[in-house]
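Please work through each task before reading its solution.

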Amino acid sequence: GISFQECLKKPYFYVAVVCIFMFGLVIQGTNGVYAAHMRDVGLDHEYVATVMSVHALVLTLFKVLAGVSYDKFGLRITYIICNVAGVAMMLLLASITDTPQGMILAMCQGVVSSLALPIDTVLLPLLTAELFGEKSFAQILGIMTCFTSLGYAVGAPMSNAFYDAHGTYFYGLLLCAAIMLTVSVTIQFVITAAHRQKARLAALEQ
């Protein structure tokens with residue numbers, strides 16, 4: 001790995017911090033309002049509670065599966081899976097209506113969103129270790145966790161601001177989906193840059 005001082009000289013460190021912040025922002029910006037959005041479009045509160053219960057149960061399984069995916073396929077593929085789930089979660093939520101089809105989309109969203117949430121939990125220390133190594137792991141992870149929490153703090157108020165401006169969460173959800181897609185592509189370049197750095201360090205040690 002690299003020291004914290006070396007880390008501060010790497011441009012991909014700052015890009016990674018921004019990505020982590022944006023992941024926290026859009027995930028919390030969506031997860032924090034999805035129950036309110038389902039009620040707002042007219043779904044029954046009992047059905048909304050059922051969707052939330054399914055979401056909570058599936059989330060427990062998917063956090064384990066995220067770790068299994070990392071062990072089998074590596075960080076890049078695992079991030080792609082969770083990122084695609086994140087974009088799908090936001091688009092499904094934006095598509096919900098008070099119809100039988102809308103109820104099906106709501107349940108699908110409840111399941112798919114459980115696959116997106118490990119981005120800011122299970123995968124965060126794995127990302128930190130893979131990008132920067134073990135030398136300054138605790139210090140760098142502390143920064144990553146701080147920016148994730150900062151994204152969480154901004155996300156829900158941002159979505160609610162869109163609701164205040166437009167009377168619906170729809171436009172905020174579309175914006176979150178667009179941000180999620182952009183950041184999902186960006187984090188792949190960060191992973192590539194980190195892998196090149198690790199390859200250079202390995203070559204110097206030989």
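The model examined here is predicted.

**Exercise 1.** Determine how α2 and α4 are oriented to each other, and which residues make their contact.

Solution. Step 1: the packing angle of α2 and α4 is about 45 degrees, and their axes lie 9 Å apart. Step 4: α2 contributes I20, F23, V26, I27, T30 and N31 to the contact, while α4 contributes H55, Y79, N83, M89, M90 and L93. Step 5: by class, eight residues of this contact are nonpolar, four are polar and none is charged.

**Exercise 2.** Compare the span of helix α5 with its expected value.

Solution. Step 1: α5 covers residues 100-116, that is, 17 residues. Step 2: from first to last C-alpha, α5 reaches 25 Å, close to the 24 Å expected at 1.5 Å a residue.

**Exercise 3.** Is Q109 buried or exposed, and which residues does Q109 touch?

Solution. Step 1: Q109 lies in helix α5. Step 2: the relative accessible area of Q109 is 1%, and the cut-off for buried is under 20%, so Q109 is buried. Step 3: leaving aside residues up to four places away in sequence, Q109 touches Y34, V51, M89, L92 and L93. Step 4: other buried residues of α5 include G102, A106 and G110. Step 5: the cover over the buried residues of α5 includes α2, α3 and α4.

Methods:
Residues numbered from 1 in each chain as written. Predicted model: local features only at pLDDT ≥ 70, side-chain atom pairs only at ≥ 80, totals over all residues. Heavy atoms only, no water. Helix = DSSP H or I, 4+ residues; strand = E, 2+ residues; numbered from the N terminus. Expected span 1.5 Å × (residues − 1). Buried < 20%, exposed > 50% of the residue type's maximum accessible area, 1.4 Å probe, protein only. Contact = heavy atoms within 4.5 Å. Axes fitted to C-alpha atoms, helices over the stretch in contact; angles between N-to-C directions. Parallel < 35°, antiparallel > 145°, perpendicular 65-115°, else oblique. Nonpolar A, V, L, I, M, F, W, Y, C, P; charged D, E, K, R; others polar.
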